[in-house]
Amino acid sequence: MRNNATFVDGQQLKFLQQLDKWIYTQKWKTTEEQESAIQVRTLISKIENKGYYYEGEADLLNELRIQYMKDKKNTTKKRL
């Protein structure tokens, strides 16, 4: 398996910031959920600081993006 780095562009950086804010504002029910959220936010900060991420990190970011989009879609429906 190759572990190629992907450099973060301006659009990705903006989305990482949105994702971090979304994670921060969630109501986590358990200590484990809170700890996971802290770990993910730490990863996001590292990626922002480094300016790149690896394939394994991309998989996690993609899963988070899916959850973020589902949440935003549900939030929008609730407002209508």
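1. Charge. The protein chain carries 15 positive and 11 negative side chains, with the centres of the two sets 9 Å apart. Lys and Arg are taken as positive and Asp and Glu as negative, while His and the chain ends are not counted. Each charge is placed at NZ of Lys, CZ of Arg, CG of Asp or CD of Glu.

2. Basis. This is a predicted model, in which local features need pLDDT of at least 70 and side-chain atom pairs count only at pLDDT 80 or more, whereas totals for chains, interfaces and linings use all residues. Residues are numbered from 1 along each chain as its sequence is written, and side-chain values use heavy atoms, with hydrogens and water left out.

3. Fold. The protein chain has 3 helices and 2 strands, in the order β-α-α-β-α from the N terminus. Helices (H or I, at least four residues) and strands (E, at least two) are DSSP runs, numbered from the N terminus. The C-alpha trace spans about 40 × 30 × 25 Å along its principal axes. Of the contacts (heavy atoms within 4.5 Å) with a separation of 6 or more, 70% are between residues 24 or more positions apart.

4. Surface. Of the 80 residues, 20% count as buried. Buried means under 20% relative accessible area, exposed over 50%, and partly exposed in between (1.4 Å probe, protein chains only).

5. Core. The largest nonpolar core has 14 residues, and L19, I23, I44, I47 and L61 touch the most other members. Helices α1 (10-25), α2 (31-50) and α3 (55-79) each supply at least two residues of this core, and the largest share, 5 residues, comes from α2. Such a core is a set of buried Ala, Val, Leu, Ile, Met, Phe, Trp, Tyr and Cys residues joined through side-chain atoms within 4.5 Å. In soluble globular proteins, nonpolar side chains tend to be buried together.

6. I44 and L61. I44 lies in helix α2 and counts as buried because its relative accessible area is 0%. Not counting residues up to four places away in sequence, I44 touches L16, L19, D20, I23 and L61. With the same exclusion, L61 touches L16, L19, I44, I47 and Y53. The C-alpha atoms of I44 and Q17 are 8.2 Å apart, at a sequence distance of 27 residues.

7. D20. This residue of helix α1 counts as buried because its relative accessibility is 16%. Residues up to four places away in sequence aside, D20 touches R41 and I44.

8. E57. Which residues does E57 contact, leaving aside its neighbours within four places in sequence? They are L43, I47 and K50. E57 is in helix α3 and is counted as buried because its relative accessibility is 18%. A polar atom of the E57 side chain lies 2.8 Å from the backbone nitrogen of Y54. Between the C-alpha atoms of E57 and I44, 13 residues apart along the chain, the separation is 9.4 Å.

Key: Polar contact = N/O pair within 3.5 Å; in protein donor to acceptor, adjacent residues only side chain to side chain.
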